[in-house]
Structure formats: structure tokens, C-alpha cells
Amino acid sequence: MRKIIRRRELVEDAWRYPGEAGAGPAVLPLAEWLAAVAAGTAPQQGAGVRLGPTDEVERLLPELARVALVVIDFPKNGDGRGLTQAQLLRQRGRYSGELRASGVVHIDHMFYLARCGFDAFDLAAGVDPGSALAALHTFSVAYQGASDAGVLTRGRRFG
């Protein structure tokens with residue numbers, strides 16, 4: 001079973017990603033989820049949806065009340081579209097369920113991912129979970145507002 005960081009703890013993950021066999025609830029790609037909604041076969045609550053970098057978050061917003069988990073895929077280093085997707089879900093969609101970063105998730109990304117609203121992390125292969133957890137506490141104060149509530153924000157005047 002895969003281990004992930006969820007709410008700043010290392011836990012076992014029961015969700016099944018697309019293509020994985022086994023028990024547990026399935027995470028569907030956005031296109032499959034929307035097709036299930038259109039066909040009337042989507043669950044009323046507790047669903048898991050996976051967003052790729054080119055998926056339009058706006059298509060998921062009307063259905064967020066049914067979704068318990070959104071997994072945003074980071075397929076390669078340096079692709080920041082998932083950060084924007086996360087902020088759209090948290091701020092515009094007011095999504096309060098689990099928001100997980102998956103794929104190329106490294107230690108140096110952790111703090112910034114959390115600032116954008118991610119509360120769960122499926123780390124890249126070879127990333128030390130202890131170091132990743134420590135990276136969430138890299139900074140204690142931020143000068144900009146964000147989707148996370150775990151960092152004190154304070155204003156600063158220049159001049």
C-alpha cells in the first residue's frame with residue numbers, strides 16, 4: 001500500500017489510482033468522472049478525481065460537493081499548472097476536501113504546495129518522507145496571503 005503525507009502525518013493510502021488493482025475507492029481521471037456524472041452513475045459523495053496539467057478545473061467546480069479527494073498530477077519538474085489548479089479549487093471553488101499533489105513532488109516543493117492549498121502529498125520515488133515533513137515548516141511567516149492557514153501572514157511597509 002502506498003504511503004503518503006496527509007495533514008502533516010505519514011499514513012497509508014487506501015485510494016486506487018487509475019490503472020491500479022486492489023480494494024479501496026477509485027480515483028477517476030476528470031474525463032471519466034464527468035462522463036459518469038453525465039450518465040448518472042457518479043457517486044453522490046466520496047468520489048476521487050485526478051486532474052492532469054491540461055484539465056480545466058472549471059469543469060469540476062459544479063460537482064465539488066460530491067468529491068472527497070482531488071489528486072493533481074505533476075508529471076514533470078517545473079510544471080506549475082497544478083499550483084494554479086489548486087488555488088482555483090480552494091479559492092474559487094471553496095473546496096474543503098483533501099487536495100493531493102502527486103507525481104514529481106520533491107522536498108523543495110512542499111512548502112509552496114501547502115501554501116497553494118495542498119494538504120496531502122504523494123511523494124516522488126526516493127524522496128525521504130521525514131525530510132519532506134520537515135520541509136513543510138521551512139518558513140514560519142509569509143508576506144502574502146494564500147490558501148493555507150498554517151503560516152502567519154504579516155504585512156510589511158517599505159519606505
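Visitor: Which residue of β4 stands opposite Leu28?
Guide: β3 and β4 pair in the parallel sense over 3 bridges; strands pair if DSSP finds at least two bridges between them. In that pairing, the residue of β4 opposite Leu28 is Val49.

Visitor: What kind of model is this, and how are residues numbered?
Guide: Numbering starts from 1 along each chain as its sequence is written, and side-chain values use heavy atoms, without hydrogens and water. Local features need pLDDT of at least 70, side-chain atom pairs count only at pLDDT 80 or more, and totals for chains, interfaces and linings use all residues, since the model is predicted.

Visitor: In what order do the elements of the protein chain run?
Guide: The protein chain has 4 helices and 9 strands. From the N terminus on, the order is β-β-β-α-β-β-α-β-α-β-α-β-β.

Visitor: How much of the protein chain is buried?
Guide: A residue is buried under 20% relative accessible area, exposed over 50% and partly exposed in between, using a 1.4 Å probe and protein chains only. Of the 159 residues in the protein chain, the buried share is 42%.

Visitor: How many residues of β4 are buried?
Guide: Ala47, Val49 and Leu51 point one way from β4, while Gly48 and Arg50 point the other way. Both sets are buried. The count for β4 is 5 of 5.

Visitor: Which residues does Leu60 contact, leaving aside its neighbours within four places in sequence?
Guide: Contact means heavy atoms within 4.5 Å. With those neighbours left aside, the contacts of Leu60 are Leu30, Trp33, Val49, Leu51, Val67, Val70 and Leu89.

Visitor: On which side or sides of α2 do its buried residues lie?
Guide: The buried residues of α2 are Gly82, Gln85, Ala86, Leu89 and Arg90. They cover an arc of only 120° around the axis, taken from the directions from the helix axis to the C-beta atoms. Therefore they are on the same side of α2.

Visitor: Which strands do the buried residues of α2 pack against?
Guide: Leu89 is one of the buried residues of α2. As a group, these residues pack against β4, β5 and β6.

Visitor: How far apart are the end C-alpha atoms of α2?
Guide: The expected span of a helix is 1.5 Å times one less than its number of residues. For the 12 residues of α2 this gives 16 Å, and the distance in the model agrees. The end C-alpha atoms are apart by 16 Å.

Visitor: Is Asp73 buried or exposed, and which side chain does its own side chain reach in a polar contact?
Guide: Asp73 is in strand β5 and counts as buried because its relative accessibility is 19%. A polar contact is a pair of N or O atoms within 3.5 Å; within protein, one must be able to donate a hydrogen and the other to accept it, and residues adjacent in sequence count only if both atoms are side-chain atoms. At 3.2 Å, the partner of the Asp73 side chain is the side chain of Arg50.

Visitor: Which backbone oxygens lie by polar atoms of the Arg16 side chain?
Guide: Arg16 lies in the loop between β2 and β3, and at 22% relative accessibility Arg16 counts as partly exposed. A polar atom of the Arg16 side chain is 3.0 Å from the backbone oxygen of Gly22. At 2.9 Å from a polar atom of that side chain is the backbone oxygen of Gly24.

Visitor: Which residue in the hairpin of β1 and β2 takes a positive phi?
Guide: β1 and β2 run antiparallel and are joined by 4 bridges, with Arg6 partnered by Glu9. The hairpin has 2 residues between the strands. The residue with a positive phi, near 50°, is Arg7.
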